[in-house]
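Hello! Here are some friendly notes to read with the model open beside you. Please take the points in order and find each residue as you go.

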Amino acid sequence: MRGRVRELSHIALFGLTALSLLFPLTGANADDTCGGLDQPCKITSGKYSFAAPTEPPGPHGYPAVVHLHGWSSSPKAVLGNDRFVQDVTSRGYVLIAPFGEVQPSGRRDWSVADGQTRPRRDDIAFLANVIEDAAKRLNVDKSRVLLSGFSRGGSMVWDVACQAPGTFNGYAPVGGGFWNPLPNSCEAPVKLFHTHGWVDATVPLEGRRLGNSGLVQGDIFEGLNILKRTNGCRRRASERTNNGNKSVRTWRSCSEDSELRLMLHPRGHITPEGWTDMALDWFETVNSPERRAETR
């Protein structure tokens with residue numbers, strides 16, 4: 001098949017394994033061989049790598065998951081996680097891994113709203129450009145794109161959801177939330193599924209001050225309250241379930257075409273087992289034609 005791209009996955013999450021994968025491209029620029037970790041796709045302000053399903057897209061194109069790596073990490077931690085790649089692509093999604101901007105320290109990071117005043121890349125604009133490029137290059141359906149991220153990447157997900165909620169069709173941050181100063185309000189209602197560890201010491205649920213840096217991680221529950229007000233949620237969580245050892249709360253008595261979900265697991269600063277399927281099941285449900293009809 002024409003237009004295959006070599007996906008080089010060098011390391012598992014924070015790096016150990018290596019393999020080479022081939023992913024077929026069926027988008028508008030199928031002859032373009034970018035996309036692997038060794039040859040990422042370059043766009044305005046940055047670059048991204050991806051893994052695509054082996055099957056062809058549906059009539060409207062591929063759905064996609066855009067996943068943001070954590071602080072000081074890179075797309076190698078995303079695309080080198082074989083289980084994560086398989087879980088996403090086996091469901092017909094393209095997995096897109098943008099590169100955070102290299103900072104003066106040499107570490108990659110995102111332009112999270114954390115009170116820093118030095119010039120940084122506009123990552124909201126950058127991520128919007130990623131989707132525009134992927135729609136043309138990979139035949140990604142822009143009406144079915146989930147933005148997810150871990151740790152500092154999860155904080156960037158919260159910022160996009162708050163400041164530019166229409167950029168993506170759903171948001172699924174893990175282990176990262178708003179930083180101080182917290183926003184007073186957000187632009188519009190959103191669909192967001194947040195996941196966090198009860199005993200997370202890296203990004204505690206109640207937030208923390210980072211030494212003498214002046215940076216303060218925000219309280220996750222305060223962030224949820226901001227989104228509940230923005231979404232117009234009128235009652236407490238309408239659904240409280242225990243999924244194995246995970247506690248799940250869902251707020252559905254909210255504005256049209258919006259929903260908040262919180263999943264707490266008993267471990268620390270990790271993505272819990274089974275998260276990918278739970279996040280994609282949720283995303284497909286809240287974006288289904290039946291759910292959209294219910295909110296009209």
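1. Let us begin with a term. Helices (H or I, at least four residues) and strands (E, at least two) are DSSP runs, numbered from the N terminus. By that count the protein has seven helices and 16 strands. What you see is a predicted model, in which local features need pLDDT of at least 70 and side-chain atom pairs count only at pLDDT 80 or more, while totals for chains, interfaces and linings use all residues. Residues are numbered from 1 along each chain as its sequence is written, and side-chain values use heavy atoms, with hydrogens and water left out.

2. Next, the protein as a whole. Of its 296 residues, 55% are buried, where buried means under 20% relative accessible area, exposed over 50%, and partly exposed in between (1.4 Å probe, protein chains only). The accessible surface comes to about 13,200 Å², and carbon and sulfur atoms hold 48% of that. These areas come from the Shrake-Rupley method with a 1.4 Å probe; for residues, only the protein chains shown count as cover. Among contacts with a separation of 6 or more, 63% are between residues 24 or more positions apart; a contact means heavy atoms within 4.5 Å.

3. How many disulfides does a search of the whole structure find? There are three, a disulfide being a pair of cysteine sulfur atoms within 2.5 Å. If you number the bonded cysteines in sequence order, the pairing reads 1-2, 3-4, 5-6.

4. Start with Cys34 and Cys41, whose sulfur atoms are 2.1 Å apart in a disulfide. The torsion about their S-S bond is about 90°, so this disulfide is right-handed. Both Cys34 and Cys41 are buried.

5. Now go to Cys162 and Cys186, joined by a disulfide with an S to S distance of 2.1 Å. The torsion about the S-S bond is -100°, and the link of Cys162 and Cys186 is left-handed. Cys162 sits in helix 4 (residues 152–163) and Cys186 in the loop between strand 10 (170–174) and strand 11 (191–197), so the pair ties together parts that are 24 residues apart in sequence. Are these two cysteines buried or exposed? Cys162 is buried, with a relative accessible area of 4%, and Cys186, at 10%, counts as buried too.

6. Cys233 and Cys254 also form a disulfide, with 2.1 Å between their sulfur atoms. Their link is right-handed, with 100° about the S-S bond. Cys233 is in the loop between helix 5 (220–231) and strand 14 (239–243), and Cys254 is in the loop between strand 15 (246–251) and strand 16 (259–265), so the pair ties together parts that are 21 residues apart in sequence. Both Cys233 and Cys254 are buried.

7. A few backbone details deserve a look. Most residues other than glycine have a negative phi, and most peptide bonds are trans. Asn180 and Pro181, however, are joined by a cis peptide bond, with omega about 0°. Pro181 belongs to the loop between strand 10 and strand 11.

8. Ser151 lies in the loop between strand 9 (140–150) and helix 4, and is buried, with a relative accessible area of 12%. Asp257 has a positive phi as well, near 55°. Asp257 lies in the loop between strand 15 and strand 16 and is partly exposed, at 29% relative accessible area.

9. On a 1 Å grid over the protein atoms alone, a cavity is a set of points where a 1.4 Å probe fits but cannot get out, and a pocket is an open set with protein on both sides within 12 Å along at least five of seven lines; lining residues have an atom within 4 Å of a point. The largest cavity is lined by residues including Val65, Phe84 and Trp275. Helix 6 (275–286) gives the largest share of that lining, four residues. Among the residues that line the second largest pocket, those closest to its centre are Trp71, Asp109, Arg152, Trp179 and Leu210.
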